[in-house]
Amino acid sequence: MPTQISLRHVTKARGERLLLDDVSLTVRPGERIGVVGENGAGKTTLLHLLAGTEQPDEGEVVTIAEHDAGLLAQTPRLPPDRTVGDAIDAALHEPRAMRARLRTLEATLGDADDAALAEYGDLLTTYESRGGYEVDTRVDKALHALGLAGTARSRTLGSLSGGEQARLGIACLIAAAPEVMLLDEPTNHLDEGALDWLEGALLAHRGTVVAVSHDRTFLVRVATTVLDVDADRRTVVRHGNGYAGYREERAAARRRWEQEYADWCDETARLEAYATTTAHGVAAGRAIRDNNKMAYDRAGGRVQASVAGRVRSARERLRRLRETPVPRPPRPLSFTARPVAGTVEGDLVTLTDVRVGDRLAVDRLTVGAGEKILVHGGNGAGKTTLLRAMAGHLTPDTGTVTRRGAIGYLAQEIPVDRPAERLLTAFGRGLPLAGDEREELLLSYGLFRPRDLRTPVGGLSAGQRRRLALARLLARPADLLLLDEPANHLALGLVEELEAALDRWTGALVVVSHDRLLRRRFTGRTHRMEAGRLVD
């Protein structure tokens, strides 16, 4: 039976939170699907529904793979007392079982009947088509490409780091080559070389790929179709033509929204003018013909009645338009630089002989007014420690950090210090604005809807907390922005808007990012961090 993947009228909730509502979709055999959406929208849940590890509350999920389906979870759940070899054996169970069956049949081919010969022929064809003879070689190549070539097969899984476990899971999945590959954030924990290898392996895969990812370069290179898990509408929107098609359709939707808003404004203004001015003086003042006052009055009455009917119709239309207004499209994101007269000139931050344990060792670093710096490097290289020291959120063990001017800091992880505080209150804390002005300003960014404003901060998802921190940054003038992985937890459309806002930013900027597309487009100074030290 050919591969079939579909959802039919699926509804799924997580606790009291509805994630998917009456969702139907089909994945065609051989498609490479990229699944996008903000943190907490339901992307991982969708993947587990397709894998059969979770069941829908309502509806039906069909996943039929002629030659198996494999799931790579975002955080692999492997027993810590098992070994690397055990994990590989488990992942390659099906091709090795096929090989064992082939050997059993080969031993009896001389006396085999037609049924046994047919089974042997079919099994051999399947085994060869899936590269069964090369499966062990594929494991070795995958482990080497992912930086695990020196890892002993006898090593326990509990002794591996989270990143090593994730890379081992990728190696096993690629080597096993199931008909359907389901991957959750596969680019996490991979360096440039490993990313290139993974993308090449998925492009060469003959089956179907469904991958949750926030990595735009990965989506550009791999995805033929993008599924956008829409947290607001609790549905899944399909975009053809890969990531480029996703961007084009988003831009077209924005243009349609702007046109609908303009049409609504024009029609509302026209009806208001008609309803308030048209009825006045239409019949009065007409000259009386033939001195026939009775006919004049009858005609005037008919005109007035006709006009009154049209006015009532216009007012009813106006009432309906006002009851269902088209909201104003949010303005493009824009960070606020301090007025030129108040801008601090010269160096804004200077680090001298700064040491923080074994995490950071910076002899000298300065950030001048208007200067832009990008810092990248592997996990644990010291990037976040550097930004926290620059922002004043961490005091170095030795050395000095000098700061001048207003600094805006977007942390990688957003703590919840006041969980009961309402979202609007948290946004407006420290802003010299009245309540209505704060609400208008926050809604103008398009990061939240009116219904979100009274939500306690403790009830926000990681993506919503990220948007709240971003909104506070947008509302406060600054000389220097310090941004730690600004694309984390944000929907890709918002990441594109944020990147455009940074391009327009005239102040100083230090950004830490592993986003390959952002790094390629960056026009300022670039540093790599290794073991707490900056490398030009």
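Student: Is Arg516 buried or exposed?
Tutor: Arg516 is buried, with 3% relative accessibility. Buried means under 20% relative accessible area, exposed means over 50%, and partly exposed is in between (1.4 Å probe, protein chains only). Keep in mind that this is a predicted model, where local features need pLDDT of at least 70 and side-chain atom pairs count only at pLDDT 80 or more, while totals for chains, interfaces and linings use all residues. Residues are numbered from 1 along each chain as its sequence is written, and side-chain values use heavy atoms, with hydrogens and water left out.

Student: Which residue forms a salt bridge with Arg516?
Tutor: Glu199 does, and the closest N and O atoms are 2.7 Å apart. The two sit in distant parts of the chain, with Glu199 in helix 7 and Arg516 in helix 16 (residues 516–521), 317 residues apart. A salt bridge here is a side-chain nitrogen of Lys or Arg within 4 Å of a carboxyl oxygen of Asp or Glu. Helices are DSSP runs of H or I with at least four residues, strands are runs of E with at least two, and both are numbered from the N terminus.

Student: And Glu199, buried or exposed?
Tutor: Glu199 is buried, at 3% relative accessible area. Glu199 also forms a salt bridge with Arg221, again with 2.7 Å between the closest N and O atoms. Glu199 lies in helix 7 (residues 192–204) and Arg221 in helix 8 (residues 216–222), so this pair ties together parts that are 22 residues apart in sequence. Arg221 is partly exposed, at 37%.

Student: How many salt bridges are there by this rule?
Tutor: The count comes to 38. One of them joins the side chains of Arg96 and Asp136, at 2.7 Å from N to O. Arg96 is in helix 3 (residues 93–106) and Asp136 is in helix 5 (residues 135–145), so parts 40 residues apart in sequence are tied together. Arg96 is partly exposed with a relative accessible area of 23%, and Asp136 is partly exposed with 32%.

Student: Which residues are linked in a network of salt bridges?
Tutor: Arg216, Arg247, Glu496, Glu499, Asp515 and Arg521 are linked that way.

Student: What about helix 1, how many of its residues are buried?
Tutor: Helix 1 (residues 43–51) is mostly covered, with seven of its nine residues buried. Those are Lys43, Thr45, Leu46, Leu47, His48, Leu49 and Leu50. Just after helix 1, Gly52 has a positive phi of about 85 degrees.

Student: Where is His527?
Tutor: His527 is in strand 17 (residues 525–530). His527 is buried, with a relative accessible area of 7%. The C-alpha atoms of His527 and Val375 are separated by 4.9 Å, although the two residues are 152 apart along the chain.

Student: Last one: which strand holds Asp21?
Tutor: Asp21 is in strand 2 (residues 17–27). At 40% relative accessibility, Asp21 is partly exposed.
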